[in-house]
Amino acid sequence: MNNKILITGGAGFIGSHVVRLFVKKYPEYQIFNLDALTYAGNLENIKDIEKANNYTFVKGDIKNIEFINNLFQKHRFEAVIHLAAESHVDRSITHPNDFIETNVLGTANLLNAFRGIWQDNYNDKLFYHVSTDEVYGSLGKTGLFTETTSYDPQSPYAASKASSDHLVRSYGNTYGLPYVISNCSNNYGANQFPEKLIPLFIHNIKNNKALPVYGDGNYTRDWLYVIDHAIAIDEIFHKGINTETYNIGGFNEWTNLNLIHLLCDLMDDRLDREKGTSAKLITFVKDRAGHDRRYAIDANKLNKELGWKPTVTFEEGLAKTLDWYLENESWLNSVTSGAYQAYYEEMYG
Ligand code: NAD
Ligand code: DAU
């Protein structure tokens with residue numbers, strides 16, 4: 001078993017839930033969390049486990065080759081779970097190079113450092129690359145993404161993730177580096193940075209600010225509760241087959257507009273507002289460039305082969321999420337001060 005595990009991006013949204021699950025569930029593992037603490041990384045997300053005996057936080061950038069090589073030489077990680085990335089599509093449209101540098105070159109640096117310590121003798125080692133369904137492009141009205149769907153990335157973010165997936169597979173094919181990849185649909189839950197649809201809209205509803213709906217709002221996403229993603233990563237890490245890919249999804253498609261109306265109703269209820277009040281904030285704005293129309297995942301392989309399925313219904317997950325954001329006002333206030341204001345101005349005017 002792999003006992004010394006490097007998790008990258010563990011101060012971010014999904015990474016923090018993965019780190020917590022591994023630190024708590026596997027006291028026999030030594031978990032190292034490597035994160036550059038960009039705008040999206042926040043040590044508050046994992047404050048509850050920072051003193052655990054089997055946990056070490058390392059601040060560092062996966063773009064820094066020398067630093068990464070030294071870190072791997074020092075600790076000789078037996079497994080890597082790689083989540084660190086630039087993750088927001090809108091930012092990839094305005095600043096594509098950040099995505100190429102972190103998501104493509106950063107992943108290459110990790111692969112090279114992993115090869116460097118094991119010299120292509122990989123008994124019981126694993127490189128787990130966490131990816132996205134956006135690599136498959138957009139679906140029409142019907143159909144689902146399976147593990148054999150052709151790659152057709154449409155945004156710089158999606159292209160950077162697709163490139164990193166290809167790199168990981170090429171290292172497996174060329175050097176025998178053992179890997180698994182998972183491609184997941186849209187996550188929601190506690191600690192998601194309020195640039196993504198659900199936390200952004202919760203924040204705006206709370207503050208009576210306009211809810212910017214891109215285009216006609218009839219875009220479809222397949223939503224999965226973040227803890228169910230973390231559980232899937234645990235299953236795939238322990239039971240996944242070398243060189244295999246697993247799609248992870250919530251079997252839970254929503255058009256943006258339907259989801260936004262649901263959010264508005266739930267928030268009216270929680271904020272003691274008359275039903276229909278928050279929906280008045282809905283404002284149609286210019287569409288996202290190259291906006292993918294529909295994503296939906298076929299997660300049957302993961303279900304049949306590894307027995308995973310979501311543990312939380314959308315109703316339960318969304319309720320927990322709204323309650324978390326309302327109870328953690330100081331978290332939301334701290335991440336929306338400073339640089340967030342400039343981002344908001346640039347993005348939404
Ligand atoms: P996030 O933006 O919330 O967190 C990313 C983390 O990576 C942050 O803590 C950040 O500080 C860190 N990071 C960024 N650049 C770094 C660098 N150069 N060096 C070291 N650390 C760096 O992202 P997320 O939503 O938690 O996504 C995590 C992973 O899951 C990403 O690889 C993303 O592509 C993938 N994913 C996300 C979703 C989703 O819905 N959010 C769905 C499927 C897959
Ligand atoms: O599918 C997985 C992907 O899901 C992950 O790989 C990405 O890291 C993650 O950001 C997410 O990408 P999306 O672009 O689907 O998520 P986002 O929350 O940005 O947008 C969801 C939908 O809502 C999308 O159709 C765009 C729309 N939207 C988003 C924002 C931020 C709006 O209409 N208005 C907005 O202000």
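So, which residue has a side-chain N or O atom 2.8 Å from a nitrogen atom of ligand 1? That's Asp61.

Quick housekeeping before I go on. This is a predicted model, so local features need pLDDT of at least 70 and side-chain atom pairs count only at pLDDT 80 or more, while totals for chains, interfaces and linings use all residues. Residues are numbered from 1 along each chain as its sequence is written, chains are lettered from A and ligands numbered from 1 in the order in which they are written, and side-chain values use heavy atoms, with hydrogens and water left out.

Okay, ligand 1. By polar contact I mean a pair of N or O atoms within 3.5 Å; within protein, one has to be able to donate a hydrogen and the other to accept it, and sequence neighbours count only if both atoms are side-chain atoms. On its own ligand 1 exposes 830 Å², and the protein buries 97% of that (Shrake-Rupley areas, 1.4 Å probe; for residues, only the protein chains shown count as cover).

Around ligand 1 there are 30 residues, with Ile14, Asp35, Ser87, Tyr157 and Lys161 coming nearest; to count, a residue needs a heavy atom within 4 Å. By class that shell has 13 nonpolar, 12 polar and 5 charged residues. Nonpolar here is Ala, Val, Leu, Ile, Met, Phe, Trp, Tyr, Cys and Pro, charged is Asp, Glu, Lys and Arg, and the others, Gly among them, are polar. Strand E5 (126-132) is one of the elements supplying at least two shell residues, and E5 has the largest share, with 3. Helices (H or I, at least four residues) and strands (E, at least two) are DSSP runs numbered from the N terminus.

On to ligand 2. What surrounds it? There are 25 residues, and the closest are Thr132, Asp133, Tyr157, Arg288 and Tyr348. Arg288 has a side-chain N or O atom 2.6 Å from an oxygen atom of the ligand, Asn186 has a polar side-chain atom 2.8 Å from an oxygen of ligand 2, and a polar backbone atom of Ser87 is 2.7 Å from a ligand 2 oxygen.

On a 1 Å grid over the protein atoms alone, a cavity is a set of points where a 1.4 Å probe fits but cannot get out, a pocket is an open set with protein on both sides within 12 Å along at least five of seven lines, and lining residues have an atom within 4 Å of a point. Points are joined across faces, edges and corners, and volume is the space filled by probe spheres set on them.

The search finds 1 cavity of 30 Å³ or more, and the largest cavity holds about 60 Å³. Its lining includes Arg288, Glu134 and Tyr295.

The second largest pocket is about 350 Å³. Of its 18 lining residues, Tyr214, Lys286, Asp287, Met347 and Tyr348 are closest to the centre. Helix H12 (339-348) is among the contributors, and H12 gives the most, 4 residues.
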